[in-house]
Amino acid sequence: MGPDPDITGIVLAGGRGSRMGGVDKGLQPFCGTPLALHTLRRLQQQVGLALINANRNLPTYESFGAPVWPDALANYPGPLAGFLTGFEHCTTPCLVTVPCDTPRFPDDLVQRLHGALIANQADIAMASAPEEDGELRTQPVFCLLKHSLKDSLIQFINGGRRKIDAWTALHKTVVVPFNLPQDDPRAFFNANTLDELHSLEKT
């Protein structure tokens, strides 16, 4: 399956990087390439158009060759601000979100989320993946969202709320497990420290 022209993707690189000592996480090298660029290239293979959500070092992000949009909301209010940024610049029926710090996310992520969304007539498809103990855990920053949810998200954020799970719970959501035998067990491992990032390069 090639890129889906009906889906826009957004790389979420707008955080503070506080657990990495305040560095811009998306610009840290992964196998010789900035994390966000590595993620962007992986996403571009799956969607019609890919965007980047970033709040600093914008010229560097713009050099990656994709449209770059900062949060419309001030003070780094979290991933939902990135979701809203994606909605504001998305003209396709669906939007998919991926964080910049999970460079090995599946190359069939969008295809599987979209298939589940349609099959279940859902509004949101959210990935889940096994933890080290084998238990499945939802990955709420990996979401496929119908564009029609934009107004709901605006109302939620304007009400001062910020948690992804609390918003997605308002809508019909299908959770899509990525635990097949051929799935990479570290596909959803996110690097919160430079040491974790370097260890991910070696596996």
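Which residues of helix α5 (residues 150-158) are buried? In this predicted model, where local features need pLDDT of at least 70, side-chain atom pairs count only at pLDDT 80 or more, and totals for chains, interfaces and linings use all residues, they are Ser152, Leu153, Phe156 and Ile157, with buried meaning under 20% relative accessible area, exposed over 50% and partly exposed in between, for a 1.4 Å probe and protein chains only. Residues are numbered from 1 along each chain as its sequence is written, and side-chain values use heavy atoms, with hydrogens and water left out.

Seen down the axis of α5, the buried residues fall within an arc of 130°, so they line one face of the helix; the arc is that of the directions from the helix axis to the C-beta atoms. The face turned away from that buried side carries the exposed residues Asp151, Gln155 and Asn158. Among the elements that cover the buried residues of α5 are α3 (79-88) and α6 (164-168), and α5 is followed by Gly160, whose phi is positive, near 85°.

The chain as a whole has 7 helices and 9 strands, where helices (H or I, at least four residues) and strands (E, at least two) are DSSP runs numbered from the N terminus. Of its 203 residues, 48% count as buried. Contacts (heavy atoms within 4.5 Å) with a separation of 6 or more come, for 71% of them, from residues 24 or more positions apart. The C-alpha atoms fill a box of roughly 40 × 40 × 30 Å, taken along the principal axes.
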